Amino acid sequence: MKIDSGTTAWMLTATALVLLMTPGLAFFYGGMTRAKSVLNMMMMSFVSIITVTIAWVLYGHSLTFTDNGNELVNRFVGGFDALGLQSLVDTATKADGTGMPSLVFSAFQLTFAIITVALISGAIADRAKFGAWVLFSAVWVTIVYFPVAHWVWGNGWLFNLGIEDFAGGTVVHINAGAAALALALVLGKRAGWRKEPMRPHNLTLVLLGAGLLWFGWFGFNAGSELAVDGTAGLAFMNTQIATAVAAGAWLVVEKLRDGHATSLGVASGAVAGLVAITPACGFVDPWAAMVIGLLAGAICAYAVGLKYKLGYDDSLDVVGVHLVGGVIGAVSLGFLAAYPFLEQQGTGLFYGGGLTQLGLQVLGPVAVGAYSFILTWIIAKIIDKVMGFRIGAEEEITGVDITSHAETGYDLGTIHSSGVAAVNGPAPAPASKKVDA
C-alpha cells in the first residue's frame, strides 16, 4: 500500500476536526435550550456518534461508496463489498501513492454522517423520548443519509448528472433541515410554545459551541478536497470569509430590526455562513464567498421567524439556518461557480456556464429535501405508533433531564456548601441557648 504522507496527515487532522464539531454542536444546542433540558439535548448529539459509527462500520460505508454491480440500482444505493470495512484494510484511495489509506477516507466520511444526524435533534428539543431518538438516529442514517450521500458523492444519479456539492450543503444541511421540519411536525409544539418564554438558558455555552463549530468546519470544508493543494487552501479561506461576513450581516439585521445586536445573533449568523459556504467553498472566488455569506446572514436572520408565521415549532432553528442556508449555498453555485471540480461539471451563469448548472443546483435541493422530508415523516410516524416519540406532558413540564436521565445540568443546591461535612463528618447540633428570666 503506497500512500502520500502529507495527504494522510492532513486528512487525519481534518477527520478529528470534523468529529469535534459534534461535541461543539452539543454545546451550541445545549446552551440554546432551557436549563431543564440541557443534558438531554447534549446527549442526543453524543449518542448520534455511537449509533452512526456502528451503522457506518457494519454497512454504511458500503452502501454509500461501493458499486453493487447493477447499473440501475447503483444510481440510488451502493453495494455490499465493504461490509464491516474488512475490504478497506491495507488499501489506499489511489494506487499511485498520491492518496491516503482507505480507512482514513472512511473515517472522514463517517464524521459527516454523525453530525448530519445530530443536527436534526435541535428541532425537537425539550420533548423527545431519548430511546425513540436513539432508534430514529439508526434508522434515519440507514434509510435517508446513506442513499443521499451515494446519490451525490458515491456515483449515484445526482453525481452523474453533474450536481456540485463540495462539502455537504445538500448531503448534510438540506438533508438534515428537511428532516428536522418533518420531525418537528410529527412531534408537535412544546407545551407553552408562544405563551411562555423559551429563551436560551446559557449563551456562554452557545458561543463556545459556535466557536468549536467554526474551528472544526475548516476540516469539514478544506478536508473535502481530499488532498493538500490550492483548492484546499481556497476552501479554507472561503470558509473564513463567508462565516465572518454572515455573522456581521446577521448582527446588522438585528440592529436595524430590533435595536440590539446579540450574542445569539452572532453565533447563529456564523453558523448560517458556515452552512451556506459548505457546498461552494472549493468552487468560488473569495469575493463570491463574501456574497454568499452576506446573503446567508441576512436571509437566515429573517428565515428563523418563519416558524411563527407557519406554526411549526422548530426549537433551535434547524430549518431557518440549515435548510435555508444550505439552499442558498447550493443554488448560488449555479451563478457563482468558477472552478469545476469534475470534468463533466460546468461553471456558473456569471462565468458563462449557462442555465444547465443552475438547473442542477436547484434540482439537488428539491430532490434531497423532498426525499428526506417524506422518509423522515414516515420513520417518525412509525416510531411514534410503536413506542411513542414524545415524552408525556408531566415529564415535559418537569424537565426531560430529570425524568429521562435522572440528572440535572446544574446542581445549585451545593452552591453555598462549605464542604466541611464531607471531611469531618456531620456538624454537631447547635447547643440550646439559656434564656434569662
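Predicted model: local features only at pLDDT ≥ 70, side-chain atom pairs only at ≥ 80, totals over all residues.
**View 1. The largest pocket and its lining.** About 720 Å³ of space lies in the largest pocket, and of the 27 residues that line this pocket, Pro 200, Leu 264, Lys 307, Tyr 308 and Asp 317 are the closest to its centre. At least two lining residues come from each of α9 (230–258), α10 (263–277), α11 (286–303) and α12 (306–310), with α9 giving the largest share, four residues. Sorted by class, the lining holds 13 nonpolar, five polar and nine charged residues.

**View 2. The crossing of α11 and α13.** Two packed helices are described by the angle between their axes and the distance between the axes. Here the axes of α11 and α13 (residues 318–336) come within 9 Å and cross at roughly 145°, in a crossing that is right-handed. The contact of these two helices has 12 nonpolar, three polar and no charged residues; among them are Trp 287 and Ile 292 in α11, and Val 321 and Ile 328 in α13.

**View 3. The largest cavity.** A search of the whole structure finds two cavities of 30 Å³ or more, and the largest has about 60 Å³ of space. Its lining includes Phe 28, Ser 268, Asp 317 and His 322, and α1 (5–32), α10 and α13 each supply at least two of the lining residues.

**View 4. The second largest cavity.** This cavity has about 50 Å³ of space, and its lining is made up of nine nonpolar, two polar and no charged residues. Among the residues that line the second largest cavity are Met 21, His 173, Trp 217 and His 322, while α8 (203–222) gives the most to the lining, with three residues.

How values were computed. Residues numbered from 1 in each chain as written. Heavy atoms only, no water. 1 Å grid on protein atoms, 1.4 Å probe; cavity = no way out; pocket = protein on both sides within 12 Å on 5 of 7 lines; lining within 4 Å. Points joined across faces, edges and corners; volume = space filled by probe spheres on them. Nonpolar A, V, L, I, M, F, W, Y, C, P; charged D, E, K, R; others polar. Axes fitted to C-alpha atoms, helices over the stretch in contact; angles between N-to-C directions. Left-handed = near helix turned anticlockwise from the far one by under 90°. Contact = heavy atoms within 4.5 Å.
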